[in-house]
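Open the model in your viewer and keep the selection panel handy. We will go from one chain to its partner, one selection at a time.

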Amino acid sequence: MIEQILFYTLAALALVAAIVVIAQRSPIYSAFALIVVLCSLSGIFAILGSPFIAVIQIVVYAGAVMVLFLFVLMLLNVQKEADDPGGSKPLRTAAAALAAAFAVQVGLVVARARFASGPEQYEASTRKVAELLFSPTFLYVFEATSILILAALVGSIVLAKRDL
Amino acid sequence: MTGSLVQHAVLLSVVLFTLGALGVFLRRNVITIFMCIELMLNAVNLAFVAFSRSLGTFDGQVLVFFVMTVAAAEAAVGLAIVIALHRHRDTLDVDAFNLLKW
């Protein structure tokens with residue numbers, strides 16, 4: 001019962017904050033609203049039985065990635081967007097209509113689907129996730145990820161040094 | 001009980017993904033667009049976690065781990081590009097960035 005109350009509270013919080021992210025003209029406020037979304041999602045992950053992902057969400061997203069975003073926002077001294085919405089008006093209307101159509105279609109499919117409730121005892125502990133992560137199934141993907149990180153590291157340094 | 005919780009989690013993920021996609025189209029600040037992409041990635045993560053709960057496996061958790069790694073790398077490279085563009089154009093408005101157009 002308490003699980004459900006928490007879940008729906010966090011879900012409502014995430015929805016409201018997500019709307020603030022896209023409705024806000026000032027990027028700084030958007031960033032803070034996004035932090036609220038990420039923290040609520042972390043709580044939802046914990047309710048769904050994934051404590052490892054919940055902690056990683058806080059550490060990597062709310063911690064590292066969002067600090068990086070805020071750092072760049074402060075560094076570049078970003079102004080609010082102009083009041084007049086740029087771009088063509090029909091394009092924006094079409095985007096909103098397409099997004100609504102997408103949400104309705106996928107939402108209908110999900111609402112009609114029947115989900116298995118899964119095992120009674122489900123706890124994706126760090127140990128179990130790590131055993132799968134380092135098993136032969138995912139080991140090569142894991143190694144590929146380290147190459148990706150290295151490439152990103154080198155790429156961002158090169159981009160930061162040279163003028164485009 | 002858990003079945004409906006999973007279903008509502010997937011629904012929440014659909015709505016969050018749509019909001020993120022909408023933000024990419026509606027906003028003009030390139031950093032806000034980046035944040036909307038992060039929002040979409042998080043919506044996908046939520047779907048992974050919900051499905052992995054529903055199926056009783058841990059594969060979804062590992063995939064979320066990889067998505068987060070890619071998102072972190074993408075944020076680092078993307079923000080480096082944003083800084084370079086800002087140095088070049090002195091604005092963050094996406095309409096001003098047409099370097100690849102000819």
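Welcome to a predicted model. Begin with the two domains of chain A: the C-alpha centres of domain 1 and domain 2 lie 25 Å apart. To see them, select residues 1-78 of chain A for domain 1 and residues 134-164 for domain 2.

Next, bring chain B into view. The contact between the chains takes 68 residues from chain A and 67 residues from chain B. H3(A) gives the most, with eleven residues. If you colour this side of chain A by class, you will find 53 nonpolar, eleven polar and four charged residues.

Now zoom in on one helix pair. Select helix H3 (residues 51-76) of chain A together with helix H2 (residues 30-55) of chain B. Their axes are 12 Å apart, and the helices pack at an angle of about 175 degrees. Angles over 145 degrees count as roughly antiparallel, so H3(A) is roughly antiparallel to H2(B).

Which residues meet here, between H3(A) and H2(B)? Show side chains for Ile53(A), Val65(A), Phe69(A), Val72(A) and Leu73(A) in H3(A). Facing them from H2(B), pick Ile31(B), Met35(B), Glu38(B) and Val49(B). By class, this helix contact has eight nonpolar residues, one charged residue and no polar ones.

Technical notes: Residues numbered from 1 in each chain as written. Chains lettered and ligands numbered in written order. Predicted model: local features only at pLDDT ≥ 70, side-chain atom pairs only at ≥ 80, totals over all residues. Domains from an automatic or database assignment. Axes fitted to C-alpha atoms, helices over the stretch in contact; angles between N-to-C directions. Helix = DSSP H or I, 4+ residues; strand = E, 2+ residues; numbered from the N terminus. Parallel < 35°, antiparallel > 145°, perpendicular 65-115°, else oblique. Contact = placed C-beta atoms within 7 Å. Nonpolar A, V, L, I, M, F, W, Y, C, P; charged D, E, K, R; others polar.
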